[in-house]
Amino acid sequence: MSWTARLAELGVELPPVAAPVAAYVPAVRSGNHVYTSGQLPFVAGALAATGKVGGDVSPEEAKAHARTCALNALAAVDDLVGIDKVVRVVKLTGFVASAEGFTGQPAVVNGASELLGEVFGDAGKHARAAVGVAELPLGAPVEVDLIVEIGE
C-alpha cells in the first residue's frame with residue numbers, strides 16, 4: 001500500500017505547504033534524505049494557537065498541535081519529492097514553548113510521533129528529541145521538523 005493510500009485510509013489529508021515566515025524553504029533534499037524546516041501548527045494559513053504549554057496551552061492541546069506540525073512537515077516532503085518516496089522516518093525534533101516548571105515535552109511531541117506511526121507503521125519509528133524552549137516563532141506553542149529517507 002502506498003503512503004498516499006494509507007493517508008486516505010486514515011481519513012487524513014495533507015494540508016497545503018505552509019508558507020515560510022522568514023528566509024528559508026519548507027524542505028530540502030540532500031542525497032536520499034529530505035530535511036524539513038521547522039513547521040508550526042498552521043491551519044488554513046493561520047497559526048492555530050499561541051502561548052506556552054503548561055500555561056496558556058494545555059498539554060493535550062499542544063499534543064494535537066504537534067500532530068498538525070507533523071502533517072505540515074509531511075506536506076513539505078510531499079511537495080518536494082512525493083510522500084510515496086518515503087522509505088522511513090529517520091528523526092523528528094519537537095520544540096515545545098514551555099511555561100516555567102513544565103516538563104512534559106515528550107508527551108506533547110508524542111502527537112507528532114504517533115501520527116508518523118499511524119501513517120508509516122514500522123517505517124515511522126524514528127529517533128527523536130523533545131526540547132523545551134522559552135519562545136518559538138510567532139508565539140507558537142510547538143514546532144516540529146523531520147528528516148526522512150527517500151527512495152526512487
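Angles under 35 degrees between two axes count as roughly parallel, over 145 as roughly antiparallel, 65 to 115 as roughly perpendicular, and the rest as oblique. The exercises below concern a predicted model.

**Exercise 1. Determine how helices α2 and α3 are oriented to each other.**

Step 1. Locate the helices. Helix α2 covers residues 59-80, and helix α3 covers residues 105-120.

Step 2. Take the angle. The two axes cross at roughly 45° and come within 7 Å.

Step 3. The crossing of α2 and α3 is right-handed.

Step 4. List the residues that meet. On the α2 side they include P59, A62, A66 and A70, and on the α3 side they include A107, G111, L115 and F120.

**Exercise 2. Compare the span of α2 with the expected one.**

Step 1. Helix α2 has 22 residues.

Step 2. From the first C-alpha to the last, α2 reaches 32 Å, close to the 32 Å expected at 1.5 Å a residue.

Step 3. Look past the end of the helix. G82 follows α2 and has a positive phi, near 95°.

**Exercise 3. Find the strands that pair with β2, and describe its two faces.**

Step 1. Strand β2 spans residues 33-36. Strand β1, residues 27-30, runs antiparallel to β2 and is joined to it by four bridges. V28 has Y35 as its bridge partner in β2.

Step 2. Examine the turn. The hairpin of β1 and β2 has two residues between the strands, and G31 takes a positive phi there, near 65°.

Step 3. Turn to β7, residues 142-150. This strand also pairs with β2 in the antiparallel sense, over three bridges. H33 has E149 as its bridge partner in β7.

Step 4. Sort the side chains. In a regular strand they alternate between the two faces of the sheet. In β2, V34 and T36 make up the covered face, while H33 and Y35 make up the uncovered one.

**Exercise 4. Decide whether T68 and Q39 are buried or exposed.**

Step 1. Place the residues. T68 lies in helix α2, and Q39 is in the loop between β2 and β3.

Step 2. Apply the cut-off of under 20% relative accessible area for buried. T68 has 19% relative accessibility and therefore counts as buried. Q39, at 4%, counts as buried too.

Step 3. Check the contacts, leaving aside residues up to four places away in sequence. T68 touches P41, F42 and V43. Q39 is in contact with residues including C69, N72, A73 and A76, and also V142, E143 and V144.

Notes
Residues are numbered from 1 along each chain as its sequence is written. This is a predicted model: local features need pLDDT of at least 70, side-chain atom pairs count only at pLDDT 80 or more; totals for chains, interfaces and linings use all residues. Side-chain values use heavy atoms; hydrogens and water are left out. The expected span of a helix is 1.5 Å times one less than its number of residues. Buried means under 20% relative accessible area, exposed over 50%, partly exposed in between (1.4 Å probe, protein chains only). Two strands pair if DSSP finds at least two bridges between them. Axes are lines fitted to C-alpha atoms, for helices over the stretch in contact, and angles run from 0 to 180 degrees between N-to-C directions. A crossing is left-handed if the near helix is turned anticlockwise from the far one by less than a right angle, and right-handed if clockwise. Contact means heavy atoms within 4.5 Å.
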